[in-house]
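Student: Please show me the model, and then we can go through it with questions.

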Amino acid sequence: MQPIDTVRTIETPEGVELHLRPAGPVVRLWAFFVDQVVVWMGLILFGIGLAYLGPLGLGLWFILFFLAQWLYPVFFEVLGGGRTLGKRWLNLRVLMTDGRPVGWSPSLIRNLLRVVDGLPGAYTVGLVSTLLTRDFQRIGDIVAGTLVVHEEAGVQAPVLPLAEPVAPTLALTLEEQSAILAFAERSPRFTAARSEELADVLSPLSGARGAGGLKVVLGMARYLWGGR
Amino acid sequence: MKPGTMGFVPRARTAMEAVDLGLGLLQAHWRPVAGVWGLQVLFLLGLFLPFLFRTPLWCLLGYWWLKPWLDRGVLFVLSRAVFGQSASVWDFLREWRAVHRRGLAAGLLWRRLSPLRSYVLPIFQLEGLHGAGYRQRARVLTRQSAGAGFLLTCSGWLFTLMTLVGFLALLQGMMPPGSRVELWSGFDTMTLGFQWFLTAVGILALTLTEPLFVAGGFGLYLNRRTHLEGWDLELAFRRLAARLSLVVLLLLGARSLGAQEPPPAPDGEPVVQAEGAPPTPKHPAEGPLRPQEEAHQRAQRILKEDPAFRHTEEIRVLSYEPTGREPHWLRSFLDFFFAKKEPAKPSGSRNLDFLKGLWDLIALVGKVMLVGGLLAFVLWLIYRFRHRLGLPVAREPDWEAPAAVAGLDIRPESLPPDVPAAARHLFVRGEPRAALALLYRAALAELVHRKGMEIPASATEGDCLRAAGDHLDPGPAAIFKTLTLTWQRLAYKDDLPTREAFEGLCEAWPAAFGGRS
């Protein structure tokens, strides 16, 4: 059985690998909640203004209500890079299943189909659908071919502990290099014993155990990062 | 921990992604979870049977309160799933004691209402910690993702409530058209039948949402441990070490081990198939223009013959007509479901009434805000120009004496009891700067604390001198002026006063500034 992962790797026609991390119902519930709060606050504010226009205001307010409920997500998703305000808040983004940005038509479809996902009264269909599909898609997502994903955190230069740079004795693959760098970056947050234990796993490479081995592994990280 | 034995891919994830990892585990192992859950629910049902008949809602409450016990089954299955094993109902029964031994009472009593219930459950169920050890461990493990854990708990409540409402709405929607049954009004009457129904729906809703909540909390727990212990790094390092040992032994199989199979690509996009287009009406052959009459006839013919205009609709409605042969209970049962509403009574305006009420409310809020804003503005205007209106002006509220002025400590407690004596002592010891500083700041302290002179901490010597003029008689004021000038000369020009000048100041000091003797 394949181990469970939150990352889906897809390959573009150009041979680029994309890593998408579909977002489940819990985080999406809160994005929806934030969006609804925003929409209703806007509607109430406009309502107060329009109330002075009498029945005309009521009519205008209903038009506004209609637009806000149906088109607010569409506009924000297409023009805001797949993110409504709630999704922005919770670091979510709507993408096509192949990783492309979402366009007008898919966004419209997935938001109009909220009618179906909202059945039979409080999004039960949507909840069940996200739980039944592997990529947490509700019916609207399935039909429109879209996906709600967790946003990639911005990449920052790692802060590495000081150590004498050591060249690894073996050519390392990209994954191995990034594992060693990640270890050096995160090791200040491990307990000292755990750091050494992890470094001990690499003792065939570092040729030492315990504190000495840890030093060598940290040195390799500095070497890989460009220290000479 | 070895590569290949793990049931999930450890990574340093964000908290919300970790919740989704838990959901992924649940998705992959939902069958055993459902089995164990069903067993537990049936067990409770048997336990509650004596109460079920009279007070079903208490049973629902019992289910709700015993959720931590039900969670244990879910967590048992998921904890096996972490190591890629699929637990069965039999495993659960076999491990019954191990599953329930640790922290069951705590979970059902004082940890029942914890806002991070599913997040901390693994700490006592799987790690078996209790007491101070548990508290310390829980503090460490929930330090990073407590916010997400709380959101997860709230989502648990919301999802349960939403599912409950959804099920009720679904059943209401399934009623035959025109049915008199109104489920929502059941909350007013709370008949026994409705209570049973509500209990059943409640258990269903819990079944759908509770495993989700447990799995999410378990995901948070796993992710936090991955962060703290570097599980992902350990796996990567082990893979590297394995490759290395193979390289060293010059074995050729290294490549296949190092390579990782990517997960299969997601299924193809679903295809939306449009319904067949409606049949286009057949037009009779067109001829040259005919007189109007003929056109009219033709139109009539088309209306009559063309299938596009002969629209018939068949509506099938489930209904019940009593035959008089069915038993009494069946008849009353069916009557309940199929009885028609009384016709007539146009109730179309009810919706609009509601909207009008809403609208009136919004208008009222606006009115209150407008009037309130105007009122506040008028009050503010009055307050702003209270001086010109001749209103009594309140004194500035309590002025607090600063601890130091121009860098000199003027708190009374920082001064010696006999200031001139202390100053003389300092002067004799060869510290004229300290001596004069003491005299000066003691004078300031007296002015501020006894004479009620109000100066801010940022006041300069000049400010102090001007302010002192209002609070001192001419004699002491002159002495304060001399003191200030002497101090300034010393402080800024390093110009030492003569011994006589200093002595003069010391002698005049107690009389001028009141001293405390």
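Student: In chain B, what percentage of the contacts with a separation of 6 or more is between residues 24 or more positions apart?

Tutor: Two residues are in contact if their C-beta atoms, placed from the backbone, lie within 7 Å. This is a predicted model in which local features need pLDDT of at least 70 and side-chain atom pairs count only at pLDDT 80 or more, while totals for chains, interfaces and linings use all residues. Residues are numbered from 1 along each chain as its sequence is written, chains are lettered from A and ligands numbered from 1 in the order in which they are written. For residues 24 or more positions apart in chain B, the share of contacts with a separation of 6 or more is 70%.

Student: How many helices and strands are there in chain B?

Tutor: Helices (H or I, at least four residues) and strands (E, at least two) are DSSP runs, numbered from the N terminus. By that count, chain B has two strands and 22 helices.

Student: Which element gives the largest share of the side of chain B that touches chain A?

Tutor: The contact involves 51 residues of chain A and 56 residues of chain B. On the chain B side, the elements giving two or more residues are α1 (15-28), α10 (146-174), α12 (192-229), α13 (231-248) and α17 (349-384). The largest share is twelve residues, and it comes from α10(B).

Student: How are α10(B) and α12(B) oriented to each other, roughly parallel or roughly antiparallel?

Tutor: Axes are lines fitted to C-alpha atoms, for helices over the stretch in contact, and angles run from 0 to 180 degrees between N-to-C directions. The axes of α10(B) and α12(B) cross at roughly 160° and come within 9 Å. Angles under 35 degrees count as roughly parallel, over 145 as roughly antiparallel, 65 to 115 as roughly perpendicular and the rest as oblique. The crossing angle therefore makes α10(B), relative to α12(B), roughly antiparallel.

Student: How many nonpolar residues are in the contact of α10(B) with α12(B)?

Tutor: Residues meeting there include B:Leu152 and B:Phe159 in α10(B), and B:Leu208 and B:Leu212 in α12(B). Ala, Val, Leu, Ile, Met, Phe, Trp, Tyr, Cys and Pro count as nonpolar, Asp, Glu, Lys and Arg as charged, and the others, Gly among them, as polar. The contact of α10(B) with α12(B) has no charged residues, eight polar and, as for nonpolar, 14.

Student: Is A:Glu77 buried or exposed?

Tutor: A:Glu77 lies in helix α2 (residues 55-79) of chain A. A residue is buried if 20 or more other C-beta atoms lie within 10 Å of its own, exposed if 12 or fewer, and partly exposed in between, with C-beta atoms placed from the backbone. Because A:Glu77 has 26 C-beta neighbours inside 10 Å, it counts as buried.

Student: Why are the buried residues of α9(A) on the same side, and what arc do they cover?

Tutor: The buried residues of α9(A), a helix of residues 192-201, are A:Ser195, A:Leu198, A:Ala199 and A:Val201. The arc is that of the directions from the helix axis to the C-beta atoms. They are on the same side of α9(A) because the arc they cover around the axis is only 145°.

Student: Which residue is joined to A:Leu119 by a cis peptide bond?

Tutor: The residue sits in the loop between α5 (114-117) and α6 (124-132) of chain A. Omega of the bond is about -10°, and the partner of A:Leu119 is A:Pro120.
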